[in-house]
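Got a fold to walk through with you. Have a look at the sequence and the model, then we'll go through it by question and answer.

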Amino acid sequence: MEIKQLIETLYKEHILKKEEFLFLLEHRNEESRSMLASLARTQTDKIYGKSVFPRGLIEFTNYCKNNCYYCGIRGANQNAVRYRLSKDQILSACENGFHLGYRSFVLQGGEDPFFDDEHMCDIVSEIRHRYPECAITLSLGERSKESYEKLFKSGADRYLLRHETACPDLYKKLHPESMSLEHRKQCLWNLKEIGYVVGTGFMVGAPYQTLENLVDDLLFIEKLQPEMVGIGPFVPHHDTIFKDEPAGTVELTTYLISILRLMNPHFLLPATTALGTIDPRGREKGIEAGANVVMPNLSPVAVRKDYSLYDNKICTGEEAAECAGCLGRRMNSVGAFLDFCRGDYR
Ligand code: SAH
């Protein structure tokens with residue numbers, strides 16, 4: 001196999017066979033990296049130009065009933081300082097964001113039973129009522145199909161649920177017995193069936209993860225056909241069993257962003273906060289590799305440090321307005337700009 005040829009095939013046909021994807025990952029080098037990134041950027045520019053869509057992220061609760069072994073806010077972590085934003089606090093985060101220009105809000109949280117359907121639908125309908133022109137994305141983990149339906153009817157239009165890893169064995173090493181990959185995947189299919197614009201994704205460089213596992217992730221994404229794919233490096237958290245594991249790399253994460261871009265030039269691909277955490281120019285590098293979304297934080301500054309999924313998370317100190325300014329300049333430094341619109345899938 002010839003790596004250049006594989007990249008051309010991927011560019012033209014948007015898919016490779018399992019062993020070809022593996023070759024592309026195993027034999028990556030400086031040349032394949034720059035070839036992939038430049039084709040990926042070309043494809044992004046064709047569909048989205050130099051726009052990067054900002055999503056205002058509101059991390060509204062860090063209570064969680066789950067226990068994902070890698071995550072700093074897992075339920076069993078006694079050291080996590082827990083918080084919940086009130087409906088009013090969530091609404092004022094949206095208001096603040098709206099005035100800064102945001103037309104897309106993401107409500108993300110741990111799996112917090114306090115936010116049952118009644119609570120959640122009430123919040124979503126109020127945001128929908130106040131901001132009819134804005135996109136509302138939810139990222140609340142696994143819920144029943146009925147619950148997803150109710151939230152959709154209340155006005156949510158998008159849902160983010162990373163599958164985390166498409167390999168059942170690896171999934172078991174990263175999650176307790178009570179959680180299952182099958183259930184998580186079923187949630188994704190349910191979300192699609194209901195009509196959400198769906199985002200999935202995975203961590204890069206998670207403990208025990210192999211390149212084969214990453215190929216399985218790509219193939220699962222090909223099957224699911226989501227509109228968004230969020231990938232970011234694994235970053236250790238000091239209160240987890242993986243505290244001494246190495247973080248994923250910018251190099252492999254951006255390589256995979258480029259591959260995803262060639263798989264579907266229309267994908268909405270975030271340059272994630274985790275990427276910006278392991279490298280001060282991580283998000284810029286993500287954009288250069290073909291990403292076109294960023295997710296600046298709109299949560300009140302007082303709680304930001306407590307939404308601690310991993311160590312050294314960036315942007316926990318600045319006000320929302322400063323974040324938007326800083327990110328805007330960062331995007332400009334790589335020839336892109338923050339495009340304050342809903343940022344729909346084209
Ligand atoms: N409860 C929601 C939101 C989870 S937090 C849900 O289940 O979908 C959002 C994402 O952060 C997760 O999907 C996971 O991929 C990522 N994440 C969690 N811990 C991480 C870590 N230590 N390093 C990098 N990413 C992490």
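**Helix contacts, sheet and loops**

In α6, the residues Lys 145, Tyr 148, Glu 149 and Phe 152 meet Cys 187, Asn 190, Leu 191, Glu 193 and Ile 194 in α8, where contact means heavy atoms within 4.5 Å. This is a predicted model, so local features need pLDDT of at least 70, side-chain atom pairs count only at pLDDT 80 or more, and totals for chains, interfaces and linings use all residues. Residues are numbered from 1 along each chain as its sequence is written, and side-chain values use heavy atoms, with hydrogens and water left out.

Reader: How do the residues of the contact of α6 with α8 divide into nonpolar, polar and charged?

Author: Here Ala, Val, Leu, Ile, Met, Phe, Trp, Tyr, Cys and Pro count as nonpolar, Asp, Glu, Lys and Arg as charged, and the others, Gly among them, as polar. On that basis the contact of α6 with α8 splits into 5 nonpolar, 1 polar and 3 charged.

Reader: At roughly what angle do the axes of α6 and α8 cross?

Author: Helices (H or I, at least four residues) and strands (E, at least two) are DSSP runs, numbered from the N terminus. Axes are lines fitted to C-alpha atoms, for helices over the stretch in contact, with angles from 0 to 180 degrees between N-to-C directions. Helix α6 covers residues 145–154 and helix α8 residues 181–194; their axes come within 10 Å, and the crossing angle is roughly 35°.

Reader: What is the order of the strands in the open sheet?

Author: Two strands pair if DSSP finds at least two bridges between them. The open sheet has 6 strands with parallel pairing, and their order is β2-β3-β4-β5-β6-β7.

Reader: Which are the edge strands?

Author: An edge strand here pairs on one side only. Neighbouring strands of this sheet are turned by 20° against each other on average, direction ignored. The edges are β2 and β7 (228–233).

Reader: Which residue in β3 does Glu 59 stand opposite?

Author: Strand β2 (residues 56–61) has 6 of its 6 residues buried, that is, under 20% relative accessible area, with exposed over 50% and partly exposed in between (1.4 Å probe, protein chains only). β2 pairs with strand β3 (residues 104–109) in the parallel sense over 5 bridges. Across that pairing, Glu 59 faces Gln 108.

Reader: Why does Asp 112 count as buried?

Author: Asp 112 is found in the loop between β3 and α5 (117–130). Leaving aside neighbours within four places in sequence, Asp 112 is in contact with Thr 61, Tyr 63 and Arg 84. Asp 112 counts as buried because its relative accessibility is 6%.

Reader: And how far apart in space are Gly 205 and Phe 105, C-alpha to C-alpha?

Author: Gly 205 lies in the loop between β6 (197–204) and α9 (211–224), and at 26% relative accessibility Gly 205 is partly exposed. Not counting residues up to four places away in sequence, Gly 205 touches Phe 234, Pro 246 and Gly 248. Gly 205 and Phe 105 are 100 residues apart in sequence, and their C-alpha to C-alpha distance is 28 Å.
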